[in-house]
Amino acid sequence: MKKLLIALATSTALISPAMAQELEKDELTFGFIKLTDMAPLAVAYEQGYFLDEGLFVTLEAQANWKVLLDGVIGGQLDGAHMLAGQPLAATIGYGTEAHIITPFSMDLNGNGITVSNEVWEMMKPNIPETDAGLPQHPISAEALVPVVEKFRSEGKPFNMGMVFPVSTHNYELRYWLAAGGLNPGFYSPENISGQISADVMLSVTPPPQMPATLEAGTISGYCVGEPWNQQAVFKGIGVPVITDYELWKNNPEKVFGITAEFAEENPNTTKAVVKALIRAAMWLDENDNANRMEAVQMLSQPEYVGADAEVIANSMTGTFEYEKGDVREVPDFNVFFRHNATYPYYSDAVWYLTQMRRWGQIAEAKPDSWYDEVAKSVYKPEIYLEAARALVDEGLANEADFPWDSDGYKAPTPSEDIIDGIAYDGKAPNAYLDSLPIGLKGEQKVVGNEVQG
């Protein structure tokens, strides 16, 4: 079968514009974690977009985010579905040091915060109701404050899970808690637990293990990507309280990461990969998500996400279920191409860096220029636009669908699109940090178990 595919690909490549530039490497292995937002990789493979570019790709699920990153750095993987914070953290030397870049942003939104049934029942009296008697969304973490205080009065820590220290999930969970007045804790060079001065204890749990860890009572809640929030609803063990779309409308999520060395040595291959991924993203969102059920069936296969199609469809097709039976329309819960979702904006990179600084992963204050320089060393819109131009020239994409004249920064996110009512401007990172009520500001540092300065 594989030989047949190669023969077909070769015959296609002979007449394909993609072969106008010779590929430096045509056999590639990409890694991913079993999450809904790995979809562009699965679609590019299953729809033949990689083959159209003359690429013979193998997709391999990875055990966790660290194994995935190490695979890319070590060359066992040519690239991977990554947490957006991973290329940034590696490039600045937080954790494993390596220059990782991203020429392609994989999606917007797609995460949620879930609590156990016990915690949900304790939160409900603190949550306003709609005229229909349903909880009013978005739900603030203020509703969690009395619950955390009760745990503390009983001598119990309030534990929550997130997927990795530099994950969107860690920063979104921290953002939600801090917006409600709860301190999620700080990092320091000497203490990388992230639990210094914490009201809520956050720790790492791999995404597919979140529901089981919640059910076992090890954690009382978590922040994770789909389908693992909806899985808690289906299993009857927890209730999602907020989606990241409600937390920050159209926030950036995963990226496709490769080493800077790979991109330098294989520029034509890199462009070909990005072309295939852009086509996959377009397919996922085209005709008002008309292909989503087909994508759900694809992702439910064990080699990809492996969750029941019904669970994946719960969020992938434009709805989201909170309490069992409380299904609400969230058409943009998963966005793969709309709103320039695939363009690697510098301002997205800067937001992740501000959160690293906010919680002490970046220990020292940095000037605004530093944030801009790091963003530009990791996020590569120039590679993205070169791939997009090739697709337009080949008649495979529309000129109007790409931000050709962007300087790499989105317009500031207005205050009404973020749960704490604080606007975000990627061109003014330090002013943004100073505007946040909980977190490091200015020259502050974490020394021992306290913030100084």
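In this predicted model, the charged side chains number 30 positive and 63 negative, and the centres of the two sets lie 3 Å apart. The count takes Lys and Arg as positive and Asp and Glu as negative, leaving out His and the chain ends. As for the surface, the protein exposes about 17,200 Å², of which carbon and sulfur atoms supply 50%.

The fold itself contains 19 helices and 16 strands. The radius of gyration is 22 Å, close to the 22 Å that the globule rule gives for 453 residues, so the protein is as compact as a globular protein of that length.

Of the 453 residues in the protein, 59% are buried.

Thr205 is placed in the loop that runs between strand β8 (201–204) and helix α9 (210–215). Its relative accessibility is 7%, and Thr205 therefore counts as buried, the cut-off for that class being under 20%. Leaving aside residues up to four places away in sequence, Thr205 touches Gly161, Met162, Val163, Met210 and Thr213. Two of these partners, Met210 and Thr213, have numbers that fall within the range of α9 (210–215).

Key:
Residues are numbered from 1 along each chain as its sequence is written. This is a predicted model: local features need pLDDT of at least 70, side-chain atom pairs count only at pLDDT 80 or more; totals for chains, interfaces and linings use all residues. Side-chain values use heavy atoms; hydrogens and water are left out. Helices (H or I, at least four residues) and strands (E, at least two) are DSSP runs, numbered from the N terminus. The radius of gyration is taken over C-alpha atoms; the globule rule is 2.2 Å times the number of residues to the power 0.38. Buried means under 20% relative accessible area, exposed over 50%, partly exposed in between (1.4 Å probe, protein chains only). Accessible areas come from the Shrake-Rupley method with a 1.4 Å probe; for residues, only the protein chains shown count as cover. The place of a charge is taken as NZ of Lys, CZ of Arg, CG of Asp or CD of Glu. Contact means heavy atoms within 4.5 Å.
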